[in-house]
Amino acid sequence: MIEIRGWRRDNGDFGIRNHIVVLSSVACANHATLEIARRTGAIPVIQEEGACGMFGEDRKRFIRCMVGVGAHPNVAWTLVVGLGCEGVDSHQLADKITNKGREAESLLIQEEGMKKTIEKGVEIINRIKKSLKPREESGTLEELIIGLKCGASDYTSGLISNPAVGKAVDFLIEHGATVMFTERLEVVGAEHILAKRARSKKVAEDFLRRIKKAVEDVNRIGVDWIGSQPSMGNIRGGLTTIEEKSLGAIKKTGNSPLEGCVDYGERPKGKGLCFMDGPGYDVKAVSGLMCGGANIILFTTGLGTYLGSPVSPVIKITGNPKTAKLLADAIDVDLSFILKEIVSKGTSLDELLGLGGKRIVEKIISVANGKLTKAEKSGHIEFSIERIGITA
């Protein structure tokens with residue numbers, strides 16, 4: 001059994017970070033949120049838009065995602081800051097977080113004024129910081145949720161980094177972990193392969209329905225998705241068709257059965273491999289995985305990216321030697337040795353991918369036990385929730 005040291009929450013969740021979060025409920029509260037975070041060292045989560053002018057599914061997923069942040073296993077405590085006239089105010093969100101068995105308080109700028117809101121927020125967080133416990137409780141890999149994402153993909157993604165992550169995913173699931181992948185439109189052309197791995201006919205039908213709907217939604221607005229991918233960056237990196245990109249992308253999922261599907265920002269309902277119905281756009285995909293409770297996110301990249309997350313450590317993995325060298329301050333796991341070994345020694349690719357998977361598992365364990373990722377060290381906390389409807 002592989003032991004992890006972290007924090008056991010009152011609701012039973014196991015966290016590998018102990019963040020205090022200042023959560024803005026609307027863009028109009030971002031200034032106060034950022035100022036409170038700056039003065040206290042708390043983690044700010046700010047909005048592009050927030051709780052105003054949204055309807056139906058957008059409103060539901062906004063609330064789900066905000067509660068997902070406050071109730072995240074890696075979060076110790078949350079201060080929600082709002083303006084006061086938005087559709088879902090900070091008091092309501094704090095109540096929903098506490099109803100999940102987690103701790104939260106709230107402030108409204110229209111009840112306090114800006115200056116007093118900031119002063120109160122600083123006072124509250126400084127009080128809470130004194131009550132935080134050290135990293136002293138034991139957990140196992142079985143208690144972790146691992147998110148999967150690829151971005152800025154090139155020819156090395158499908159050949160090296162994605163299948164090496166797949167080796168790690170097989171190991172994690174064998175040890176009881178939960179693994180969640182997303183990017184609904186970046187499995188197009190390979191969805192039938194994943195559907196065959198579904199635990200049941202019901203899961204397969206649910207998965208295929210979600211992919212079909214995503215393609216139809218794009219077609220409905222007059223865009224040919226199939227003809228618009230791969231992106232210019234992917235083409236520059238050596239990918240030629242969406243099918244080629246998708247076949248490489250699904251290698252991240254290893255060989256385990258697909259156990260179920262969840263909506264954007266929703267927690268997996270069981271152990272094993274789970275699909276989150278989310279976008280491919282990096283920031284919104286990573287944010288969805290974070291809101292869904294991912295303790296750690298594995299991010300494979302060919303051309304490189306610096307993206308991070310407010311509360312889920314993001315581990316960057318590349319098989320591209322040029323990217324590993326040029327973006328050394330972004331890459332956590334350099335698998336470019338696999339390409340060199342193939343070319344120079346003709347070593348078995350499967351054996352080399354197994355070594356790559358082992359390095360990824362070792363990195364997960366070290367990060368889970370407190371080692372910071374490159375994105376954490378450089379303060380990357382990008383966040384954005386996917387919206388699907390119009391804004392009033």
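Reader: Is the crossing of H6 and H15 right-handed or left-handed, and what makes it so?

Author: The crossing of H6 and H15 is right-handed, because the near helix is turned clockwise from the far one by less than a right angle. The model is predicted, and local features need pLDDT of at least 70, side-chain atom pairs 80 or more, while totals for chains, interfaces and linings use all residues. Residues are numbered from 1 along each chain, and side-chain values use heavy atoms, without hydrogens or water.

Reader: Where do the axes of H6 and H15 come within 7 Å, and at what angle do they cross?

Author: H6 covers residues 155–174 and H15 covers 349–368. Their axes (lines fitted to C-alpha atoms over the stretch in contact, with angles from 0 to 180 degrees between N-to-C directions) cross at roughly 65 degrees. The contact (heavy atoms within 4.5 Å) includes Leu159 and Phe171 of H6, and Leu353 and Ile360 of H15.

Reader: How do the residues of this contact divide?

Author: Into 13 nonpolar, 3 polar and 2 charged. Gly counts as polar, and Gly354, Gly356 and Gly357 of H15 are among the contact residues.

Reader: What makes S2 and S7 edge strands?

Author: The open sheet has the order S2-S1-S7, with antiparallel pairing. S2 (14–15) and S7 (137–140) each have a single partner strand, so one side of each lacks a neighbour in the sheet.

Reader: How do you know that S1 and S2 pair?

Author: Pairing takes at least two DSSP bridges. S1 (residues 3–8) and S2 have 2 bridges, so they pair. Tryptophan 7 has glycine 15 in S2 as its bridge partner.

Key: Helix = DSSP H or I, 4+ residues; strand = E, 2+ residues; numbered from the N terminus.
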